[in-house]
Amino acid sequence: MSKLNGTWHMVISTYMGEQRSTVELQADGTTLNGQVIDAGTGNSSPLFDGEVDGDKFSYKVTLKLPIGELTFEMTGELVGEELKGKSANPMGEFEFTGTRA
């Protein structure tokens with residue numbers, strides 16, 4: 001069982017402030033599945049193109065936000081008990097962290 005599996009509180013640091021969400025991750029071999037629940041809107045969206053390689057992971061998710069739909073490309077890794085990485089979307093690239101819920 002992957003150490004990534006479970007529910008995570010994610011924070012993306014952007015120029016508009018911290019963007020928070022809850023992410024449910026489930027690794028199956030090298031495939032990563034799950035969903036993202038946006039804290040601001042409460043909308044949930046499934047992950048797609050999710051991959052796992054040891055403690056490293058990547059996935060994409062399209063969120064329905066007040067400004068419209070945005071696709072985020074997330075890449076990161078599990079460092080100790082924290083997720084760290086980068087979130088890229090058409091507005092730029094931002095760092096994120098995640099802690100277990």
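Please bear in mind throughout that the model is a predicted one.

Let me begin with the pocket. The largest pocket has a volume of about 410 Å³. Its lining comprises 23 residues, and those nearest the centre are Gln 19, Asp 38, Leu 63, Leu 65 and Phe 72. By class, the lining divides into 16 nonpolar, 5 polar and 2 charged residues. Which strands supply at least two residues each to this lining? They are β1 (6-14), β2 (17-28), β3 (31-38), β5 (56-65) and β6 (68-79).

I turn now to Phe 57, a residue of strand β5. Is Phe 57 buried or exposed? Its relative accessible area is 4%, and because the cut-off for buried is under 20%, Phe 57 counts as buried. Beyond its neighbours within four places in sequence, Phe 57 is in contact with a set of residues that includes Leu 4, Leu 32, Val 52, Met 74, Leu 78, Leu 83 and Phe 96. As for Glu 95, its C-alpha atom is separated by 14 Å from that of Phe 57, and the two residues are 38 apart along the chain.

Glu 95 brings me to the salt bridges. How many salt bridges does a search of the whole structure find? The search finds 6, and I shall describe three of these pairs.

In one of them, the side chain of Glu 95 meets that of Lys 86, at 3.6 Å from N to O. Glu 95 is exposed, at 54% relative accessible area, whereas Lys 86 is partly exposed, at 35%.

Another pair joins Glu 81 to Arg 100, with an N to O distance of 3.7 Å. This pair links distant parts of the chain: Glu 81 lies in the loop between β6 and β7 (82-89), Arg 100 lies in strand β8 (residues 92-100), and 19 residues set them apart. Glu 81 is exposed, with a relative accessible area of 59%, while Arg 100 is partly exposed, at 36%.

The remaining pair I wish to show is Glu 82 with Lys 84, again a salt bridge, at 3.6 Å from N to O. Here Glu 82 is partly exposed, with 26% relative accessible area, and Lys 84 is likewise partly exposed, with 39%.

Finally, a point on the backbone. Asp 49 is located in strand β4 (residues 44-53). Although Asp 49 is not a glycine, it has a positive phi, of about 55°.

Methods: Residues are numbered from 1 along each chain as its sequence is written. This is a predicted model: local features need pLDDT of at least 70, side-chain atom pairs count only at pLDDT 80 or more; totals for chains, interfaces and linings use all residues. Side-chain values use heavy atoms; hydrogens and water are left out. Helices (H or I, at least four residues) and strands (E, at least two) are DSSP runs, numbered from the N terminus. On a 1 Å grid over the protein atoms alone, a cavity is a set of points where a 1.4 Å probe fits but cannot get out, and a pocket is an open set with protein on both sides within 12 Å along at least five of seven lines; lining residues have an atom within 4 Å of a point. Grid points are joined across faces, edges and corners, and a volume is the space filled by probe spheres set on the points. Ala, Val, Leu, Ile, Met, Phe, Trp, Tyr, Cys and Pro count as nonpolar, Asp, Glu, Lys and Arg as charged, and the others, Gly among them, as polar. Buried means under 20% relative accessible area, exposed over 50%, partly exposed in between (1.4 Å probe, protein chains only). Contact means heavy atoms within 4.5 Å. A salt bridge is a side-chain nitrogen of Lys or Arg within 4 Å of a carboxyl oxygen of Asp or Glu.
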